[in-house]
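Please have the sequence and the 3D view open while reading.

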Amino acid sequence: MNEALKVKLRSLADRYEVSSFCDEDPSQFLRWYQPVAGRGTVADVEVASFIAAMLAFGNRKQFIPKIRQILETSDRSLGSVTEWLKAGAYKKDFLSGPAKFYRFYSYDDMQIFFGELADILKKAGSLGEFFRTKMEEGGDTGGSPVREGSERPRSGLKRGGDFPLLHEIISQAFPKSAIVPKGRTSANKRIHMFLRWMVRRNSPVDLGFWDWADPASLLIPLDVHVMQEAAKLGLIPEGATASRKTAGLLTSALAEVFPGDPCRGDFALFGLGVDK
């Protein structure tokens, strides 16, 4: 990659990675709870962020009100989304049935999703603690075994030469939920966006709560704007599909520009695409 393109991408990242980025982005829900101000806990922030990430697809004007509806419902009920889930209050406060809640996800799909979230919270107290423990255990979530030693870049901790894949651990922790992306060859954009929020440090947008995971190992979330701009700039081939392979190619290219923090390039490409 030539130096002029590196300079351009760094300049774009500086322009777009600012607190106002959150205003109309699903990342606005990262600060729904404010633990420092005594409103909610870090566990609440993680869960609110995860719910937001899992529903963040399609039209923002449609999915942002849906995310807000869930969090407002839980707050009215028990004042905490984690307590709402652990207590099972979602079963009476939230509808069930085959009718659609958002796009192709039904109210029954949401109930299953909430139930699996509740199980995790009851076991570990927080999503961060649950996934950190699973990383240390080698990725055993009780589902199919996590593949180790597969291609880099990888999300998670280095452990004795093996690399449990954090995004796969997250997928496997929700075996019944249609809402949490699955598949080792797909881009799994929503999981990687959630990981960016939790792992990247020193950002006015991302929270960096999970200091046990390495920002250098994150994969870029393959949004349509990101892919379009990446192809125009020659960072990925024209016509590339939204796959794990493409995410790896783009992440490797951005690692040249942002060593140790390739997902900073997400702001550069996404912001450029949205502005255009």
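Helix α2 passes α6 in a right-handed crossing, where right-handed means that the near helix is turned clockwise from the far one by less than a right angle, and left-handed means anticlockwise. Helices here are DSSP runs (H or I, at least four residues), numbered from the N terminus. The model is predicted, with pLDDT of at least 70 needed for local features and 80 or more for side-chain atom pairs, while totals for chains, interfaces and linings use all residues. Residues are numbered from 1 along each chain as its sequence is written, and side-chain values use heavy atoms, leaving out hydrogens and water.

**Helix α2 against α6**
- Two packed helices are described by the angle between their axes and the distance between the axes.
- For α2 and α6 (residues 107–124) the angle is about 150° and the axes are 12 Å apart; axes are lines fitted to C-alpha atoms over the stretch in contact, and angles between N-to-C directions run from 0 to 180 degrees.
- Helix α2 is therefore roughly antiparallel to α6 (angles over 145 degrees count as roughly antiparallel).
- In this contact (heavy atoms within 4.5 Å), Val47, Phe50, Ile51, Met54 and Leu55 of α2 meet Met110, Phe113, Phe114, Leu117 and Leu121 of α6.
- The residues of this contact of α2 with α6 are 10 nonpolar, no polar and no charged; Ala, Val, Leu, Ile, Met, Phe, Trp, Tyr, Cys and Pro count as nonpolar, Asp, Glu, Lys and Arg as charged, and the others, Gly among them, as polar.

**Helix α2 against α3**
- Helices α2 and α3 (residues 60–78) pack at an angle of about 150°, with axes 10 Å apart.
- This makes α2 roughly antiparallel to α3.
- The crossing of α2 and α3 is right-handed.
- Ala48, Ile51, Ala52 and Leu55 of α2 touch Phe63, Ile67, Ile70 and Leu71 of α3.

- Not counting residues up to four places away in sequence, Leu85 touches Val47, Tyr90, Phe114, Leu117, Ala118 and Leu121.

**Two loop residues**
- Ala87, in the loop between α4 (81–86) and α5 (90–93), is exposed at 58% relative accessible area (buried is under 20%, exposed over 50%, partly exposed in between, with a 1.4 Å probe and protein chains only).
- Thr41, in the loop between α1 (3–16) and α2, is partly exposed at 39%.

How values were computed. Parallel < 35°, antiparallel > 145°, perpendicular 65-115°, else oblique.
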